[in-house]
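Subject: Structure handover and findings

Dear colleague,

Please find below the structure that I am handing over to you. My notes on it follow directly after.

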Amino acid sequence: MPTKYREPTDAELEAEHRRYEELLRTQPLAIDVRYDGVGDTIIIEMNNGAALVIPRRLMQGLSDATPEQLRRGAIWGSGMYLEWEDIDAQFEVVELLAGVYGGRRWMSELARRAGSKTSPAKTAAARRNGAKGGRPRKASA
């Protein structure tokens with residue numbers, strides 16, 4: 001049986017309002033978002049004076065957007081969210097600060113691509129490791 005909706009009391013609403021005000025005072029919030037076409041990055045200015053600069057190719061939904069669409073990024077939720085409405089892309093500022101630029105599949109694909117990169121240093125390390133007998137075997141339980 002569904003639960004019946006109960007109106008919150010004035011005390012509950014006041015407590016929720018105090019929690020929200022405290023969150024706004026203590027959480028890093030976006031105060032400006034803009035697209036830098038020279039670096040092909042999204043720049044997010046924060047309320048604490050810091051700026052977060054993210055290559056747009058890392059952010060889910062922005063890689064195929066036009067520069068004009070990218071310039072229409074907006075802040076909402078008192079600075080907790082970013083949105084590009086015409087390309088249906090939304091991000092939580094806290095998640096971006098934590099390095100989460102999209103959903104689980106998007107982040108898995110970014111990690112897969114990053115792990116498949118080769119470099120002279122990576123090749124040399126693999127050769128040194130191979131000369132030592134390769135990756136150590138897992139200890140049996």
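R113 lies in helix α4, where helices (H or I, at least four residues) and strands (E, at least two) are DSSP runs, numbered from the N terminus. With 35% relative accessibility, R113 counts as partly exposed; buried means under 20% relative accessible area, exposed over 50%, and partly exposed in between (1.4 Å probe, protein chains only). From C-alpha to C-alpha, R113 and F91 are 22 Å apart in space, and they are 22 residues apart in sequence.

This is a predicted model, in which local features need pLDDT of at least 70 and side-chain atom pairs count only at pLDDT 80 or more, while totals for chains, interfaces and linings use all residues. Residues are numbered from 1 along each chain as its sequence is written, and side-chain values use heavy atoms, with hydrogens and water left out.

Helices and salt bridges

Helix α4 (residues 104–115) also holds E109 and R112, three residues apart, about one turn of the helix. Their side chains meet in a salt bridge, with 2.6 Å from N to O; the term denotes a side-chain nitrogen of Lys or Arg within 4 Å of a carboxyl oxygen of Asp or Glu. E109 is partly exposed, at 29% relative accessibility.

In total, the structure holds 12 salt bridges. Side chains of opposite charge can pair when their charged atoms come close. One of these bridges joins E45 to R34, with the closest N and O atoms 3.1 Å apart. This pair links distant parts of the chain, since E45 belongs to strand β2 (residues 41–46) and R34 to strand β1 (residues 30–36), 11 residues apart. E45 is partly exposed, with a relative accessible area of 22%, and R34 is likewise partly exposed, at 36%.

A network of salt bridges links E68, R71, R72 and D86. Within this group, the side chains of R72 and E68 meet at 3.3 Å, N to O. R72 counts as partly exposed at 42% relative accessibility, and E68 is partly exposed at 44%.

Helix α5 (residues 120–131) has 12 residues and reaches 17 Å from its first C-alpha to its last, close to the 16 Å expected at 1.5 Å a residue; the expected span is 1.5 Å times one less than the number of residues. After α5 comes G133, whose phi is positive, near 105°.

The three-stranded sheet

Three strands form an open sheet in the order β1-β2-β3, with antiparallel pairing; two strands pair if DSSP finds at least two bridges between them. β1 and β3 (51–55) stand at the edges with a single partner strand each, so one side of each is left without a neighbour in the sheet. On average, neighbouring strands of this sheet are turned by 15° against each other, direction ignored. For such angles, axes are lines fitted to C-alpha atoms, for helices over the stretch in contact, and the angles run from 0 to 180 degrees between N-to-C directions.

β2 and β3 pair in the antiparallel sense over five bridges, and I43 stands opposite V53 in β3. T41, in strand β2, is buried, with a relative accessible area of 9%. Not counting residues up to four places away in sequence, T41 touches R34, Y35, D36, V53, I54, P55 and R56, contact being defined as heavy atoms within 4.5 Å.

β5 and β6 form a hairpin with four residues between them, and D88 in the turn has a positive phi of about 55°. The two strands run antiparallel and are joined by four bridges, with E83 opposite Q90 in β6.

Leaving aside neighbours within four places in sequence, W84 is in contact with V33, I42, M59, L62, Q69, L70, R72, G73, A89 and F91.

Yours sincerely
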